[in-house]
Amino acid sequence: MPGDDARRATRAVRDGAIEITTMRRSHLRGVLQIEEDAFPRPWSATLFLSELALRTSRSYHVARIGPNVVGYCGVMFGDGEAHVTTIAVDARWQKHGIGTRLMLNAVQVARRAGMRHMTLEVRVSNEEAQSLYRRFEFQPVGVRPNYYSEVNEDALVMWVHDIDSEEYGSRIASIAGRIRSLDTSSDDPLGSQTPQQGDSA
Ligand SMILES: CC(C)(COP(=O)(O)OP(=O)(O)OC[C@H]1O[C@@H](n2cnc3c(N)ncnc32)[C@H](O)[C@@H]1OP(=O)(O)O)[C@@H](O)C(=O)NCCC(=O)NCCS
């Protein structure tokens with residue numbers, strides 16, 4: 001990451017300038033730019049629009065800093081289960097807690113929608129994403145061979161159960177507390193701060 005971008009990202013995080021809002025059509029230009037940089041087979045505008053149209057079974061949010069979209073995450077609901085369909089953060093803004101904020105929001109949305117379990121697929125080599133998901137207690141349960149055929153790679157299928165439980169609620173409150181501590185610390189705050197209780201982001 002070029003130095004200017006890194007400094008800008010750190011300042012924005014410190015100033016609490018990151019906002020998570022519902023994804024709208026007007027965000028798509030920024031979303032598609034991140035999508036194209038992040039994935040070898042990016043979703044098209046048409047696909048995002050068809051997802052956004054499914055209002056009762058989908059929830060898409062963006063992370064914004066001012067007018068700029070810096071990340072996004074989508075969730076699909078059904079039969080008590082929430083499925084994370086996509087998540088990405090602009091490469092210039094990664095490792096500043098934005099992915100964690102987006103996952104926190106996704107889990108909270110799923111809990112509010114009455115979902116009990118949550119699942120996703122991730123490339124077996126995608127250590128960064130897996131580490132993020134493990135923080136939310138997703139566990140690997142199986143492999144889908146050649147799921148990502150465009151890169152000839154298997155998917156790890158991960159699940160977290162009982163997200164509606166009090167215990168899981170405490171877990172995400174703890175993550176939300178650590179995220180808030182980003183304002184006062186710049187050294188890996190997600191790994192080292194004392195957990196705080198608190199409501200969700
Ligand atoms: C996976 C992804 C969404 C994570 O987003 P992110 O914004 O970098 O995630 P976070 O910043 O919340 O957490 C990432 C790491 O940064 C660290 N971090 C967060 N804030 C930090 C800070 N201020 N200083 C230093 N480190 C920090 C976290 O501790 C975490 O480290 P860990 O994974 O070793 O525990 C992002 O890497 C991405 O978009 N990848 C490309 C698309 C992709 O692969 N999507 C997943 C498809 S399944």
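Reply: One definition is required at the outset: a residue is buried if 20 or more other C-beta atoms lie within 10 Å of its own, exposed if 12 or fewer, and partly exposed in between. The model under discussion is predicted.

Me: Does A129 count as buried or exposed?
Reply: A129 is placed in helix 5. The threshold for burial is 20 or more other C-beta atoms within 10 Å. A129 has 20 C-beta neighbours inside 10 Å, so A129 counts as buried.

Me: What distance separates A129 and I87 in space, C-alpha to C-alpha?
Reply: A129 belongs to helix 5. Along the sequence, A129 and I87 are 42 residues apart. In space, C-alpha to C-alpha, their separation is 9.0 Å.

Me: How many helices and strands does the chain have?
Reply: Read along the sequence, the pattern is α-β-α-α-β-β-β-α-β-α-β-β-α-α. The secondary structure therefore comes to 7 helices and 7 strands.

Me: What percentage of the contacts in the chain with a separation of 6 or more is accounted for by residues 24 or more positions apart?
Reply: Two residues are in contact if their C-beta atoms lie within 7 Å. Among contacts with a separation of 6 or more, those between residues 24 or more positions apart account for 60%.

Me: Which residues of helix 2 are exposed on the other side from its buried residues?
Reply: Helix 2 spans residues 28–38, and its buried residues are V31, I34 and E35. Seen down the axis of helix 2, these fall within an arc of 105°, so they line one face of the helix. In general, an α-helix has 3.6 residues a turn, so residues three or four places apart point the same way. On the other side of helix 2, the exposed residues are R29, E36 and D37.

Me: Against which elements do the buried residues of helix 2 pack?
Reply: The residues concerned are V31, I34 and E35. Their packing partners are helix 3 (45–53), strand 2 (58–65), strand 3 (68–78) and strand 4 (81–89).

Me: Which residues does V84 touch, not counting residues up to four places away in sequence?
Reply: V84 is found in strand 4. It is buried, because 24 other C-beta atoms lie within 10 Å. With residues up to four places away in sequence left out, V84 touches C73, V75, A106, M118 and L120.

Me: How far apart in space are V84 and E121, C-alpha to C-alpha?
Reply: V84 lies in strand 4. In sequence, V84 and E121 are 37 residues apart. Their C-alpha to C-alpha distance is 8.0 Å.

Me: Is helix 4 roughly parallel or antiparallel to helix 6?
Reply: Two packed helices are described by the angle between their axes and the distance between the axes. Helix 4 (residues 98–112) and helix 6 (residues 166–180) pack at an angle of about 150°, with their axes 11 Å apart. Angles over 145 degrees count as roughly antiparallel. Helix 4 is therefore, relative to helix 6, roughly antiparallel.

Me: How many nonpolar, polar and charged residues make up the contact of helix 4 with helix 6?
Reply: Helix 4 passes helix 6 in a left-handed crossing. Helix 4 contributes T100, R101, L104, V107 and Q108 to the contact, and helix 6 contributes I172, I175, A176 and I179. By class, the contact has 6 nonpolar, 2 polar and 1 charged residues.

Me: What separates the C-alpha atoms of R178 and G97?
Reply: R178 is found in helix 6. It counts as buried, because R178 has 22 C-beta neighbours inside 10 Å. R178 and G97 are 81 residues apart along the chain, and their C-alpha atoms are separated by 9.7 Å.

Me: What is the phi of E137?
Reply: E137 is in the loop between helix 5 (127–135) and strand 6 (139–148). With 19 other C-beta atoms within 10 Å, E137 is partly exposed. Most residues other than glycine have a negative phi. E137 is not a glycine, yet its phi is positive, at about 70°.

Me: Is N146 buried or exposed?
Reply: N146 is located in strand 6. Although not a glycine, N146 has a positive phi of about 50°. N146 has 12 C-beta neighbours inside 10 Å, and it therefore counts as exposed.

Definitions and conventions. Residues numbered from 1 in each chain as written. Predicted model: local features only at pLDDT ≥ 70, side-chain atom pairs only at ≥ 80, totals over all residues. Axes fitted to C-alpha atoms, helices over the stretch in contact; angles between N-to-C directions. Helix = DSSP H or I, 4+ residues; strand = E, 2+ residues; numbered from the N terminus. Parallel < 35°, antiparallel > 145°, perpendicular 65-115°, else oblique. Left-handed = near helix turned anticlockwise from the far one by under 90°. Nonpolar A, V, L, I, M, F, W, Y, C, P; charged D, E, K, R; others polar. Arc of directions from axis to C-beta.
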